Amino acid sequence: LFVMSYCPFGTQMEKGILPVVELLGDKIDFTVKFCDYAMHGKKELDEQLLQYCIQEEQNDKFIDYLKCFLKEGKSDECIKEVEIDEAKLNTCIGIADARYKVSENYEDKSTWKGAYPTFNIYKEDVDKYGVSGSPTLVINGVTALTNRDPASLLDAICTVSYTHLRAHETRHDL
């Protein structure tokens with residue numbers, strides 16, 4: 001799921017998909033990724049670095065963190081509530097920021113995408129799937145158009161997954 005961390009449509013999709021992710025458990029390989037630009041300023045870049053690092057290094061706490069963040073957007077409280085290792089988080093944020101030049105590109109407006117600062121951590125996937133905005137849901141390589149409620153999202157995931165599975169079986173039978 002490609003979003004911007006403060007996009008109202010992206011957060012609506014996240015709220016809709018979290019119950020589906022919890023329902024499907026280990027039957028789904030779910031990742032929140034971020035668009036290659038941020039429309040909500042420096043706070044969005046910072047939150048996306050934070051979420052990226054939690055998902056990368058403390059993944060077992062990511063869904064709980066995201067559920068907490070989606071309630072009121074209070075990162076500091078959620079970090080404490082979910083018991084995120086802050087030293088590990090801060091180290092990761094520093095490394096990711098330097099590697100992907102998030103802060104550096106924020107300061108250099110020549111790197112911006114129009115009026116918006118870039119966020120290039122998932123740039124390769126953004127380009128691969130033609131992601132142009134938040135939210136964009138990609139299921140098994142297919143961009144899915146769906147409503148943002150849990151039932152619609154579950155239906156989309158199951159439909160695309162079933163279609164993908166059947167196509168693979170058909171090719172395999174040849």
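## About the model

The model is predicted: local features need pLDDT of at least 70, side-chain atom pairs count only at pLDDT 80 or more, and totals for chains, interfaces and linings use all residues. Residues are numbered from 1 along each chain as its sequence is written, and side-chain values use heavy atoms, with hydrogens and water left out.

## The largest pocket

The largest pocket holds about 500 Å³. A pocket here is an open set of points on a 1 Å grid over the protein atoms alone, with protein on both sides within 12 Å along at least five of seven lines; a cavity, by contrast, is a set of points where a 1.4 Å probe fits but cannot get out. Grid points are joined across faces, edges and corners, and a volume is the space filled by probe spheres set on the points.

The lining of the largest pocket consists of 19 residues, and Asp-29, Phe-30, Val-138, Ile-139 and Asn-140 lie nearest the centre; a lining residue has an atom within 4 Å of a point. Helix 1 (8-24), strand 3 (137-139) and helix 8 (150-173) each contribute at least two residues to this lining. Helices (H or I, at least four residues) and strands (E, at least two) are DSSP runs, numbered from the N terminus. By class, the lining has 12 nonpolar, 4 polar and 3 charged residues. For these classes, Ala, Val, Leu, Ile, Met, Phe, Trp, Tyr, Cys and Pro count as nonpolar, Asp, Glu, Lys and Arg as charged, and the others, Gly among them, as polar.

Helix 1 and helix 3 (residues 62-72) have axes that come within 11 Å and cross at roughly 145°. Axes are lines fitted to C-alpha atoms, for helices over the stretch in contact, and angles run from 0 to 180 degrees between N-to-C directions. This crossing of helix 1 and helix 3 is left-handed. On the helix 1 side, the contact involves Thr-11, Glu-14, Lys-15, Leu-18, Val-21 and Glu-22, and helix 3 brings Ile-63, Leu-66, Lys-67 and Leu-70; contact means heavy atoms within 4.5 Å. These residues divide into 5 nonpolar, 1 polar and 4 charged.

Helix 3 also meets helix 4 (residues 75-82), where the axes come within 9 Å and cross at roughly 145°. That crossing of helix 3 and helix 4 is right-handed. As for the terms, left-handed says that the near helix is turned anticlockwise from the far one by less than a right angle, and right-handed that it is turned clockwise. Asp-64, Tyr-65, Cys-68 and Phe-69 of helix 3 make the contact with Ser-75, Cys-78, Ile-79, Glu-81 and Val-82 of helix 4. Here the classes are 6 nonpolar, 1 polar and 2 charged.

## Buried residues

Phe-69, in helix 3, counts as buried at 3% relative accessibility; buried means under 20% relative accessible area, exposed over 50%, and partly exposed in between (1.4 Å probe, protein chains only). Leaving out residues up to four places away in sequence, Phe-69 touches Ser-5, Tyr-6, Glu-47, Gln-51, Lys-74, Ser-75 and Cys-78. Gln-51 is 18 residues from Phe-69 along the chain, and their C-alpha atoms are separated by 9.8 Å.

Ser-5 sits in the loop between strand 1 (2-3) and helix 1 and is buried, at 1% relative accessibility. Beyond four places in sequence, the contacts of Ser-5 include Thr-11, Phe-34, Glu-44 and Phe-69. Asn-105 of helix 6 (residues 102-107) is buried as well, with a relative accessible area of 10%.

## Backbone details and partly exposed residues

A few backbone features are worth a look. Ser-134 and Pro-135 are joined by a cis peptide bond, with omega about 0°, and Pro-135 lies in the loop between helix 7 and strand 3. Lys-101, in the loop between helix 5 (86-100) and helix 6, has a positive phi of about 55° although it is not a glycine. Asn-140, in the loop between strand 3 and strand 4 (142-144), has a positive phi near 50° and is partly exposed at 42% relative accessibility.

Tyr-129 belongs to helix 7 (residues 123-129) and is partly exposed, with a relative accessible area of 24%. Not counting residues up to four places away in sequence, Tyr-129 touches Phe-2, Val-138, Gly-141 and Thr-143.
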